[in-house]
Amino acid sequence: QVQLVESGGGLVQAGGSLRLSCAASGRTFSRSGMGWFRQAPGKEREFVAAIRWSGGSTYYADSVKGRFTISRDNAKNTVYLQMNSLKPEDTAVYYCAADREAYYSGSYYYYDPNEYDYWGQGTQVTVSS
């Protein structure tokens, strides 16, 4: 079992920054692909960013590229999402997710929420204009 706990959300003005953290339990974190997704009211959950188990490769949605940075610290079982130049359209509940199977299968469909085995409870990010 893997438990994920997000933190760091809040209210920020447009142009501001936030850093989200996702702390994972369990011994398989270092072999898990980790993703961040978000869901705004009335919209489907969408991919934001992902990082491979080694941290060597990162992936971003076009809407956040150049503004958000995903990173991980395997020694701390934590993945981060640094969000800069925030916009009102970034307002959503942000979820982190873990994919334990991609490490073994060799295929990591990082953008597909169905790829992920475990999800956190989410943290609210609100950006005011």
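Select Cys22 and Cys96: both are buried. This is a predicted model. The two residues form a disulfide, with their sulfur atoms 1.9 Å apart. A disulfide is a covalent bond between the sulfur atoms of two cysteines. Search the whole structure and you find 1 disulfide. Look along the S-S bond: the angle about it is 45°, and the link of Cys22 and Cys96 is right-handed. Now colour the strands. Cys22 lies in β3 and Cys96 in β9 (residues 92-99), so the pair ties together parts that are 74 residues apart in sequence.

**The open sheet**

Stay with β3 and show its sheet. Here 4 strands run in the order β1-β3-β8-β7, with antiparallel pairing. Go to the edges next. β1 (4-7) and β7 (68-73) each have a single partner strand, so one side of each is left without a neighbour in the sheet. From one strand to the next, the twist averages 15°.

Zoom in on β1. Its pairing with β3 (residues 18-24) is antiparallel, over 4 bridges. Pick Val5 and look across to β3: its bridge partner there is Ala23. Then show the β1 side chains. Leu4 and Glu6 are on the covered face, while Val5 and Ser7 are on the uncovered one.

**Aromatic pairs**

Switch to the rings. The model holds 15 aromatic pairs. Start with Phe47 and Tyr110. Their ring centres are 5.4 Å apart and their planes at 55°, so the pair is tilted. Phe47 sits in β5 (residues 46-51) and Tyr110 in the loop between α1 (102-105) and β10 (118-119), so the contact ties together parts that are 63 residues apart in sequence. Phe47 is buried, at 14% relative accessible area. Tyr110 is partly exposed, at 22%.

Next, select Tyr95 and Trp119. This aromatic pair is edge-to-face, with 6.5 Å centre to centre and 75° between the planes. Tyr95 belongs to β9 and Trp119 to β10, and the pair links distant parts of the chain, 24 residues apart. Tyr95 counts as buried because its relative accessibility is 14%, under the 20% cut-off. Trp119, at 27%, counts as partly exposed.

**Charges over rings**

The charged end of Arg45 sits over the Trp119 ring, 4.7 Å from its centre. For the last stop, select Arg72 and Phe29. The charged end of Arg72 sits over the ring of Phe29, 4.5 Å from the ring centre.

Technical notes:
Residues numbered from 1 in each chain as written. Predicted model: local features only at pLDDT ≥ 70, side-chain atom pairs only at ≥ 80, totals over all residues. Heavy atoms only, no water. Pairing = 2+ DSSP bridges. Helix = DSSP H or I, 4+ residues; strand = E, 2+ residues; numbered from the N terminus. Axes fitted to C-alpha atoms, helices over the stretch in contact; angles between N-to-C directions. Buried < 20%, exposed > 50% of the residue type's maximum accessible area, 1.4 Å probe, protein only. Disulfide = S-S within 2.5 Å. Phe/Tyr/Trp six-rings, centres within 6.5 Å; stacked < 30°, edge-to-face > 60°. Lys NZ or Arg CZ within 6 Å of the ring centre and 35° of its normal.
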